[in-house]
Structures are given as C-alpha cells and as structure tokens.
Amino acid sequence: MAGEGPGHLAIIMDGNGRWAKDRGLPRALGHRAGVEALRRVVELCPAYQIRYLTVYAFSTENWKRPGAEVQALMALMDEFIDKELATLKKNGVSIRVLGDLASLASGLRKKIEAAVESTAENREMILSLALNYGGRQELLRGAKALAKRAQAGEDPEGWGEEDLARELYTGDMPDPDLLIRTGGEQRYSNFLLWQVAYTELWYTDTYWPDFGEERLVEALTAYRGRQRRFGGV
C-alpha cells in the first residue's frame, strides 16, 4: 500500500571508483569513502523504520578486479568490523553475511564469523552484508540443498516457492521492499535475483560516497508514493 515501508531496504553501493577518479584519487580511497557512506546509512535507518538493510559489499565477480584493489576492499571490511562492532552491538544491530566466506583469508573470515555470532541476538535492526555473493550462485546452492532433501526421501511434488526461498541466505527474512542503486547504472548485477521479483527499484546518478540523508529521503518518498500490486490490479 502506498505510504508504508520500506521495512527492508537493499542497496547496490556503486560508484566508489568513479568518485575517486573524478577527484584524482586512488580507487582505494573511494572505497574508504564508501565505508563512511555505509556508516551514515546504517545510523539513519532506525529513524525511517527500516528494520532490514542489505548491502552489496563484494560480489563473486569482484575477484576479477586488480589484486591491490581486492586487498584494499578486504582490509576495509576488517577495519569496519574493528571500528563499528561495539557501536552496532550498542544499537541492537545484528550482522549477517550473505555469501560464501570460504574464499576469504582465515583471519578475516574468523573475525566476520565472530561478529555475526556476537550480534546474533540483537533485534533492533538486521544488517546483511552480501560478501563474496552472487545471485546465481545462491540459487544453485539452494537447488543443491533441495536435491539433497529429495535424495533423503522428500517428495518434490509437494514443494512450493517457499521451499526454495528457505534454502537461500535470506531464508528467514522478508524480501526487499525497495532496492536502491547508486552510481547511475541500471541493472541488478547478480544481486538478490530471487528476492527482488516484486521489489520497487530506485536509481540515482549520485556516487555511493556522496549518498546521504537527502538522497535516502528522496528514494523513500518515491517508494511511499507508489502503489504495489504484486501482479494484481
């Protein structure tokens, strides 16, 4: 219904590299500025009744980037946890990870897993980091889980969409109500392919490091002015 939500906001945080290039800076500094933007948005969400925030932090395809840039991104993730974990705990934020952590360095992986575990009981807000995540990989993972259930004797004829949905990383979360993509591009980029079937989309040319309350309010206002019909009339 128009005027409500979104309870679940998803964001493709795009434009860090171009933001840095426009300023004659290394791409790594663009990613650092992007971390600051994420901190701003996390702090803003409670004021706008956003209980779930899911952000695209690092895709399965991002490994193709130059090694130095990948290392910088991983270092920023490590730093983000060190600097923000205490505040997130204090504010009742639960950290979750969507994606396969097996490819990460063991030290970073253990730090992320510890952060997830230590915030698991928090209920004020769910911050999901899509890290080493790909929508197709997630669907394949879910299909394999269903295949194992069939091998164990379950009858696939009795399954519905909800059965596959429960096998995804987001199995216990509602689908996103609104997906924001910054940086001017207009595509999903392999993000939450199943979950965004009826998600409202909002694009902005603003690069992610410059994204703040003004653009967030603009997106929320546009969302709340829409009529969501989910295929109906």
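Mentor: Begin with S4: nine of its nine residues are buried, so this strand is largely enclosed by the rest of the structure. Buried means under 20% relative accessible area, exposed over 50%, and partly exposed in between, with a 1.4 Å probe and protein chains only. Strands (E, at least two residues) and helices (H or I, at least four) are DSSP runs, numbered from the N terminus. The model is predicted: local features need pLDDT of at least 70, side-chain atom pairs count only at pLDDT 80 or more, and totals for chains, interfaces and linings use all residues. Residues are numbered from 1 along each chain as its sequence is written, and side-chain values use heavy atoms, with hydrogens and water left out.

Trainee: In what order do the six strands form the open sheet?

Mentor: Two strands pair if DSSP finds at least two bridges between them. S3 and S4 pair in the parallel sense over six bridges, and seven bridges join S2 to S4, also parallel. S3 (93–98) and S6 (200–203) stand at the edges with a single partner strand each, so one side of each is left without a neighbour in the sheet. The order is S3-S4-S2-S1-S5-S6.

Trainee: Which residue in S4 is the bridge partner of Leu98?

Mentor: Leu98 belongs to the pairing of S3 with S4, which has six bridges. For Val55, the bridge partner in S4 is Leu129. For Leu98, the partner in S4 is Ala130.

Trainee: At about what angle to S2 does helix H3 run?

Mentor: Axes are lines fitted to C-alpha atoms, for helices over the stretch in contact (heavy atoms within 4.5 Å), and angles run from 0 to 180 degrees between N-to-C directions. Helix H3 (residues 67–90) lies across S2 (52–59), S3 and S4 (125–133). Helix H4 (residues 106–118) lies across S3 and S4, at about 135° to S3. For H3 and S2, the angle is about 155°.

Trainee: Is His31 buried or exposed?

Mentor: His31 sits in helix H2 (residues 27–44). Leaving aside neighbours within four places in sequence, His31 is in contact with Asn16, Arg65, Glu69, Leu73 and Leu76. Its relative accessibility is 7%, so His31 counts as buried.

Trainee: With which side chain does the side chain of His31 make a polar contact?

Mentor: A polar contact is a pair of N or O atoms within 3.5 Å; within protein, one must be able to donate a hydrogen and the other to accept it, and residues adjacent in sequence count only if both atoms are side-chain atoms. The pair here lies at 2.8 Å, and the partner is Glu69.
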